[in-house]
Amino acid sequence: MSFLSNLFGYNRPGPGVRPDEPRKKGAARWFEILGRDLGSFFKAGLLALLGFLPFMLLLSLAIASHAVIFVIAAGVVGGALAMPQIVGMADTLLRSLRDEPGFWWVAYRRAWKRNWKGCLVPGMVCGLVIAGQLFTLFHLRPDNDNLLMLVVMLILGMALSVGLTFYIVPQLALLDLPFLQLLKNSVLLFLGYLPRTAGAVAVQVVYWGAYLLFYPLTTLVLPFTNFWLPMSLSLLILYIPLDKSFHIEETIRKMRAEDLAARSDAPAEAWPPAPAAPLPDAESEIAETAGPETDEPAPAEADEAPEPPVDEAPEASGDETAPRA
């Protein structure tokens with residue numbers, strides 16, 4: 001019954017969860033949000049899988065025909081079509097991680113309309129890189145003298161691509177930034193939180209490695225687990241760096257409080273209020289140096305500060321905008 005209410009109804013905080021109760025950590029936290037929002041994860045993941053089908057079909061055609069033109073088509077067309085749905089799923093997962101209740105479809109549709117244009121270029125770039133790497137991997141010749149070195153380089157390159165993508169996608173869901181700024185922030189976060197980045201990438205490697213190892217049997221479970229299962233674990237690992245760098249929850253709480261105060265002061269004829277619209281961008285210093293995971297405030301921006309020591313995490317500069325609700 002709980003699953004059916006999650007699948008078709010309103011996402012509420014679980015029974016017995018007080019607003020001031022400390023959040024669980026690790027596996028307990030994952031099972032908590034899974035038990036509460038599994039229905040939303042499944043629906044968002046299914047839409048992401050449907051959006052990813054053109055990429056998979058074009059890449060399969062490229063591998064079967066050995067034609068590079070289909071690799072380009074998979075990256076440009078398939079990546080552009082897949083990224084809005086991937087970002088929509090990430091928005092659903094991030095809302096669950098910050099314990100934000102609401103009707104899933106209303107929030108998903110609003111996030112999709114707000115983000116789809118900004119997802120096109122990142123989708124094309126990420127799609128081209130990943131499609132090229134997979135195409136090359138499937139066309140390595142066993143008799144190549146440098147086979148081992150090429151395989152290692154490809155694996156490292158794919159790990160880098162996946163790690164950067166998992167920082168680009170949440171920023172697309174939360175911020176209004178040009179692609180080069182998103183990429184710069186992602187590189188800084190990738191290096192600054194390298195242990196967490198490695199953990200997030202390892203989740204993807206294990207999940208998709210198991211999918212390929214037991215293929216084609218795994219195609220039976222792919223519609224149910226698809227992208228939401230590995231992404232929920234990866235974003236759980238990366239959520240602390242993202243929140244520390246961009247002050248996601250603090251900024252959104254302030255925005256909502258200001259919005260509520262403004263509405264409460266509106267004249268009576270203005271009620272009921274209009275349907276919720278995306279919150280306006282606010283210029284605030286939300287990207288700070290991602291230091292060790294403590295509650296102490298981080299140093300100033302990386303653009304103004306000298307290069308940080310090796311043991312400190314660099315800044316992810318997103319000071320041009322603020323997290324969007």
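Helices (H or I, at least four residues) and strands (E, at least two) are DSSP runs, numbered from the N terminus. Everything below is a predicted model, in which local features need pLDDT of at least 70, side-chain atom pairs count only at pLDDT 80 or more, and totals for chains, interfaces and linings use all residues. Residues are numbered from 1 along each chain as its sequence is written, and side-chain values use heavy atoms, with hydrogens and water left out.

**View 1. Threonine 92 sits in helix α3.** Its relative accessible area is 7%, so threonine 92 is buried; here buried means under 20% relative accessible area, exposed means over 50%, and partly exposed is in between (1.4 Å probe, protein chains only). What does threonine 92 touch, if you skip residues up to four places away in sequence? The list is Ser40, Phe41, Ala44, Trp104 and Tyr108, where contact means heavy atoms within 4.5 Å.

**View 2. The protein chain has ten helices and zero strands.** Read along the sequence, the pattern is simply α-α-α-α-α-α-α-α-α-α. Of the 325 residues in the protein chain, 43% are buried. Take the contacts between residues at least 6 apart in sequence: 78% of them join residues at least 24 apart.

**View 3. The largest pocket has a volume of about 1500 Å³.** Closest to its centre, out of 42 lining residues, are Phe52, Ile130, Leu134, Met158 and Trp208. How do you find a pocket at all? Rolling a probe the size of a water molecule over the atoms shows where empty space is left. On a 1 Å grid over the protein atoms alone, a cavity is a set of points where a 1.4 Å probe fits but cannot get out, while a pocket is an open set with protein on both sides within 12 Å along at least five of seven lines; lining residues have an atom within 4 Å of a point. Grid points are joined across faces, edges and corners, and the volume is the space filled by probe spheres set on the points.

View 4. Which helix gives the largest share? That is α5, with nine residues. Sorted by class, the lining has 33 nonpolar, nine polar and no charged residues. (Ala, Val, Leu, Ile, Met, Phe, Trp, Tyr, Cys and Pro count as nonpolar, Asp, Glu, Lys and Arg as charged, and the others, Gly among them, as polar.)

**View 5. Helix α7 has a buried side and an exposed side.** Its 20 residues should span 28 Å at 1.5 Å a residue, and the end C-alpha atoms are 27 Å apart, which agrees; the expected span is 1.5 Å times one less than the number of residues. Buried in α7 are Thr197, Ala200, Val201, Val203, Gln204, Tyr207 and Tyr211. Seen down the axis of α7, these buried residues fall within an arc of 140 degrees, so they line one face of the helix; the arc is that of the directions from the helix axis to the C-beta atoms. An α-helix has 3.6 residues a turn, so residues three or four places apart point the same way. The buried residues of α7 pack against α5, α6 (179–192), α8 and α9. On the other side of α7, you'll find Pro195, Val205, Val206 and Leu213 exposed.

**View 6. Helix α10 covers residues 248–264.** The buried residues of α10 are Ile248, Glu249, Thr251, Ile252 and Met255. They fall within an arc of 165 degrees seen down the axis of α10, so they line one face of the helix. Their packing partners are α3, α5 and α9. Turned away from that buried side, α10 carries the exposed residues Arg253, Glu258 and Leu260.
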